[in-house]
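Dear colleague,

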Amino acid sequence: MKRSEMMLNMIPNIRMMAARLAALLVLAALFCAGVQAAMAAEETLNIGIGILQTFSCSEYGKDPTLSEKDFPDRGGVLMAQHKRTHFAPLVTLDGNGSVIPWLAESYEISGDYRTITFHLRKEVKFADGKPLNASVVMFNLDRILTYGWKEKFSWAAAVKDYESTEIVDENTIRVHFKKGGLDALKGLCAAPGFGFFISPWDVLPEWDIRGTLKEDRKYNGLGPYYVDENESIQKQKLVLVKRNSWYDELNFHKPTVDKIVFTVISDPQTRVAALEKGKIDYISRYWNPSWDSLPSLESNSKVSIVARQNTRMNLLVTAWWKEPFNGTDGLKLRKALNYVLDRNEIVEGAFNGYAVAATDSMYLSPLLPGVADCCHKGYDYNIEMARKLLAESGWKDTDADGVLDKNGKPLRLQFIVCSDDNSDCNWQKDSALIIQSQLKMIGIDVQIQSMESGSRQEAIKKGDFDLRFWWSYPRSTSVTQSLVSDFCTGNDTERAYLNENRTLDALIKNAESADSEETREDLICQACQILYNEAAVIPLVYPKEYALVSSRVKNFQFGAYDALDPFEECRIED
């Protein structure tokens with residue numbers, strides 16, 4: 001065959017090979033584009049935190065149905081992890097602190113408040129596909145309430161009054177309590193640990209409420225994420241990766257974030273700088289920087305400040321049981337302190353406007369659901385009334401040194417404040433300085449002593465203070481439980497106030513065990529009247545809740561408290 005004929009015969013083959021090669025190149029390009037699109041579509045939320053620790057548990061991979069106090073080698077809740085790998089309670093709280101169904105689609109409460117019937121949501125599964133049913137829920141409630149967290153939360157009504165769980169059918173249970181309580185349902189939401197369920201097939205022996213969780217089943221929860229241990233570093237970094245879950249299948253609070261990365265950044269200003277530079281997308285609210293960081297961030301287009309009115313009250317507690325705060329003259333001194341404080345100056349000077357003056361209540365915010373108008377009474381700024389009360393109680397500046405005195409003793413008060421880096425403490429220093437300045441104007445010498453939280457708590461137990469900061473509980477806690485915790489719990493020096501005949505203590509405890517809404521409201525009203533008449537505490541401000549997020553993060557919503565913020569449902573837009 002001539003060369004020219006051979007070349008002619010090869011042309012079709014060359015054309016076919018070229019066409020095939022072109023097709024392969026197109027497919028390769030499409031594949032690469034698809035991979036790049038998938039990679040670009042993956043949403044990662046980077047969160048800055050102060051330490052990787054919750055309730056003294058500082059390691060991921062622990063059994064959340066056991067407390068770290070009683071099972072230090074294997075138990076504990078690390079909220080950053082377990083909230084997203086295991087948390088799926090029967091009921092939980094919405095952003096306003098109201099009870100809403102979760103694993104339970106609905107519920108009924110018996111007339112005596114001793115039994116709650118839960119109707120379970122169908123088609124709920126653990127990560128390995130095992131179904132959730134009434135038997136599984138009973139196993140977890142018995143394990144958590146009678147074994148794993150019994151000692152840690154012995155004060156909680158859901159623990160101390162728990163009697164048994166009864167299986168009605170595969171998707172219905174009845175939870176029985178030894179005595180009724182109007183707050184029994186909210187009590188199940190109050191203490192962390194009550195909503196972290198594990199599979200009874202994952203313990204040895206299986207279905208034994210005292211069994212040990214298998215090491216290779218530690219992430220087999222009801223949550224939509226698992227821990228990527230290859231990327232995570234204990235106490236430094238936690239990486240959560242989204243997995244298919246019943247949240248997706250039932251389209252129920254479906255997570256939109258594919259990966260969540262918690263990174264420990266111990267210095268608060270470094271955390272803020274990381275947010276401004278785009279290295280993190282969100283600062284966990286418990287580790288929010290102090291309010292003096294906010295003005296500079298307000299003008300930064302890369303950062304959004306999401307804020308809302310809070311129900312938590314910051315207040316002053318006195319050493320009410322000893323001089324100069326006890327007795328009739330002590331009552332007048334407490335009233336004088338309530339009148340003398342210009343709370344608006346604290347709002348602006350210590351909180352940069354992110355607070356509201358607390359002059360409408362002595363403890364319970366009017367924004368709390370179910371708080372009657374009888375509790376909406378407080379003290380307005382009135383410096384002349386303050387001076388009058390001080391004079392009536394015998395305080396005069398006899399030696400013209402600018403400090404009031406009585407019986408040869410100056411009116412000098414030791415004020416202990418917390419120095420820790422967290423949202424419970426970072427407002428205290430600036431607030432204390434403003435209060436010190438305001439009290440100096442009427443002749444009260446305030447000496448500020450700053451200390452870390454552990455030392456401060458010891459000082460409170462010993463009664464080594466005259467003034468200290470405190471705060472009411474957030475909207476996630478029931479009104480009666482808040483009152484019990486602050487006015488009826490601990491030794492006398494730890495209580496915010498206790499009147500001489502102890503009627504306040506009795507009223508609050510009776511309100512906690514009341515069997516009707518009307519009776520409870522009447523008892524709480526009487527308690528609020530004592531708080532006002534006896535100037536039991538000194539309300540300061542309601543600090544606003546705020547979150548610092550990247551402007552890329554959309555649809556941020558507040559939880560009832562910071563650990564319940566549902567940021568996995570946010571959108572990230574570049």
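Lysine 509 and aspartate 505 both belong to helix H15, which covers residues 503-512, and the two are four residues apart, about one turn of the helix. Their side chains form a salt bridge, with N and O separated by 3.3 Å. Lysine 509 is partly exposed, as its relative accessible area is 38%, whereas aspartate 505, at 11% relative accessibility, is buried. Please note that the model is a predicted one.

**Other salt bridges**

In general, side chains of opposite charge can pair when their charged atoms come close. The count of salt bridges in this model comes to 29.

A second pair consists of arginine 308 and glutamate 545, whose side chains meet at 2.8 Å, N to O.

Glutamate 59 is partly exposed, with 31% relative accessible area, while lysine 62 is buried, with 14%.

**A patch of negative charge**

On the surface, Asp373, Glu518, Glu521 and Asp522 gather in a patch of negative charge. To be counted in such a patch, a residue must have over 30% relative accessible area and no salt bridge. Aspartate 522 has a relative accessible area of 44% and is therefore partly exposed. This residue is part of helix H16, which runs over residues 517-533.

**Strand pairing around E12**

Which strands pair with E12, and in which sense? Strand E1 (residues 44-49) pairs with strand E12 (residues 259-264) in the parallel sense, over six bridges. Strand E11 (residues 237-242) pairs with E12 in the antiparallel sense, over five bridges. Valine 261 in E12 has a part in each of these pairings: valine 261 is the bridge partner of asparagine 46, and valine 239 stands opposite valine 261.

**Backbone geometry**

As a general point, most residues other than glycine have a negative phi, and most peptide bonds are trans. The following places in the model may be read against that background.

The peptide bond that leads from leucine 204 to proline 205 is cis, with omega near -10 degrees. Proline 205 is located in the loop between strand E8 (203-204) and strand E9 (212-213). Tryptophan 207 is likewise found in the loop between E8 and E9, and its phi is positive, near 65 degrees, in a residue other than glycine. Tryptophan 207 has a relative accessible area of 36% and so counts as partly exposed.

Glutamate 323 and proline 324 are also joined by a cis peptide bond, for which omega is about 5 degrees. Here proline 324 is in the loop between strand E15 (314-318) and helix H9 (327-340).

Asparagine 407 is another residue other than glycine with a positive phi, in this case near 55 degrees. Its position is in the loop between strand E17 (405-406) and strand E18 (409-410). Is asparagine 407 buried or exposed? With a relative accessible area of 75%, asparagine 407 is exposed, because the cut-off for that class is over 50%.

**Tyrosine 473 and cysteine 57**

Tyrosine 473 is situated in the loop between strand E21 (467-471) and helix H14 (479-487). Its relative accessible area is 29%, so tyrosine 473 is partly exposed. From C-alpha to C-alpha, tyrosine 473 and cysteine 57 are 22 Å apart in space, and in sequence they are 416 residues apart.

Yours sincerely

Technical notes:
Residues numbered from 1 in each chain as written. Predicted model: local features only at pLDDT ≥ 70, side-chain atom pairs only at ≥ 80, totals over all residues. Heavy atoms only, no water. Patch = residues over 30% accessible without salt bridge, like charges linked within 9 Å, V, L, I, M, F, W, Y side chains within 5 Å. Areas by Shrake-Rupley, 256 points an atom, 1.4 Å probe, with all protein chains shown as cover. Salt bridge = Lys/Arg side-chain N within 4 Å of Asp/Glu carboxyl O. Lys, Arg positive; Asp, Glu negative; His and termini not counted. Charge placed at Lys NZ, Arg CZ, Asp CG, Glu CD. Buried < 20%, exposed > 50% of the residue type's maximum accessible area, 1.4 Å probe, protein only. Pairing = 2+ DSSP bridges.
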